[in-house]
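Please look over the sequence and the model before reading on.

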Amino acid sequence: MPIKRAHRTSNFAQIPNETLRDQNLTNSAYRLLMYMLSMADDWIFRNSKIAKDFGKSERWVQAGLTELEKAGYVQRTAIKNNEGKIMSWERIVYDLPGAGNKHLENVDK
C-alpha cells in the first residue's frame with residue numbers, strides 16, 4: 001500500500017521513527033511526548049497550559065511527565081539559588097530516550 005504525504009516546508013515536527021514506534025509508553029505519555037516535541041525549541045512548560053490544551057487535569061500531565069522521565073525522554077533539573085534552595089525546575093525534552101546521556105551531534109549515522 002503506497003503512502004501519500006503532503007510536502008511541508010513549515011509547521012511540522014521531525015520525530016525519529018524509534019520514538020514514534022516506542023511501544024513502552026502508555027497512550028497518555030505518548031500523546032504528551034508528541035505534543036511537547038511539536039513545540040518550538042524555546043517553548044516554556046506550564047503544566048496548567050498543557051492540561052487545558054488536553055482537557056485533562058494537571059495530575060494527568062504530571063503522571064505523563066513522570067513516565068517520560070523514567071523512560072528517558074524528559075530530564076528534570078533543579079535550579080538553585082546561592083544558598084542551595086530550589087527556586088524552580090528546568091525540564092528538557094529529548095526526541096530519543098536517554099538522549100540526555102548522549103552527545104547529540106551527528107545522530108544521523
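Against which elements do the buried residues of H2 pack?

The buried residues of H2 pack against helix H1 (17–20), helix H3 (47–54), helix H4 (58–71), S1 and S2. In H2 the residues that are buried (under 20% relative accessible area, whereas exposed means over 50% and partly exposed in between, with a 1.4 Å probe and protein chains only) are Ala29, Leu32, Leu33, Met34, Tyr35, Met36 and Leu37. An α-helix has 3.6 residues a turn, so residues three or four places apart point the same way.

Ser28 also lies in helix H2, but with a relative accessible area of 33% Ser28 is partly exposed. Between Ser28 and Leu65 there are 37 residues in sequence, and their C-alpha atoms lie 9.8 Å apart in space.

## Basis of the model

The model is predicted, so that local features need pLDDT of at least 70 and side-chain atom pairs count only at pLDDT 80 or more, while totals for chains, interfaces and linings use all residues. Residues are numbered from 1 along each chain as its sequence is written, and side-chain values use heavy atoms, with hydrogens and water left out.

## Overall architecture

The chain has 4 helices and 2 strands, where helices (H or I, at least four residues) and strands (E, at least two) are DSSP runs numbered from the N terminus. Along the sequence these elements follow the pattern α-α-α-α-β-β, and the C-alpha atoms fill a box of roughly 60 × 35 × 30 Å along the principal axes.

Of the 109 residues in the chain, 27% are buried. Contact means heavy atoms within 4.5 Å, and among contacts between residues at least 6 apart in sequence, 43% join residues at least 24 apart.

## Surface and charge

The chain exposes about 8,700 Å², of which carbon and sulfur atoms supply 46%; accessible areas come from the Shrake-Rupley method with a 1.4 Å probe, and for residues only the protein chains shown count as cover.

## The largest pocket

A pocket is defined on a 1 Å grid over the protein atoms alone, as an open set of points where a 1.4 Å probe fits, with protein on both sides within 12 Å along at least five of seven lines, and lining residues have an atom within 4 Å of a point. The largest pocket has a volume of about 680 Å³, a volume being the space filled by probe spheres set on the points, which are joined across faces, edges and corners.

Its lining comprises 22 residues, of which Met36, Ala40, Asp41, Ile92 and Val93 lie nearest the centre of the pocket. Helix H2 (27–37) and strand S2 (86–93) each supply at least two residues of this lining, and S2 gives the most, with 5 residues.

## Individual residues outside the helices

Lys80 is placed in strand S1 (residues 74–80) and counts as exposed because its relative accessibility is 52%. Leaving aside residues up to four places away in sequence, Lys80 touches Lys85, Ile86 and Met87.

Asn11 lies in the segment before H1, where its phi is near 60°, a positive value in a residue other than glycine; at 81% relative accessibility, Asn11 counts as exposed. Ala99, in the segment after S2, counts as buried because its relative accessibility is 2%. Ala99 and Arg8 are 91 residues apart in sequence, and the distance between them in space is 27 Å, C-alpha to C-alpha.
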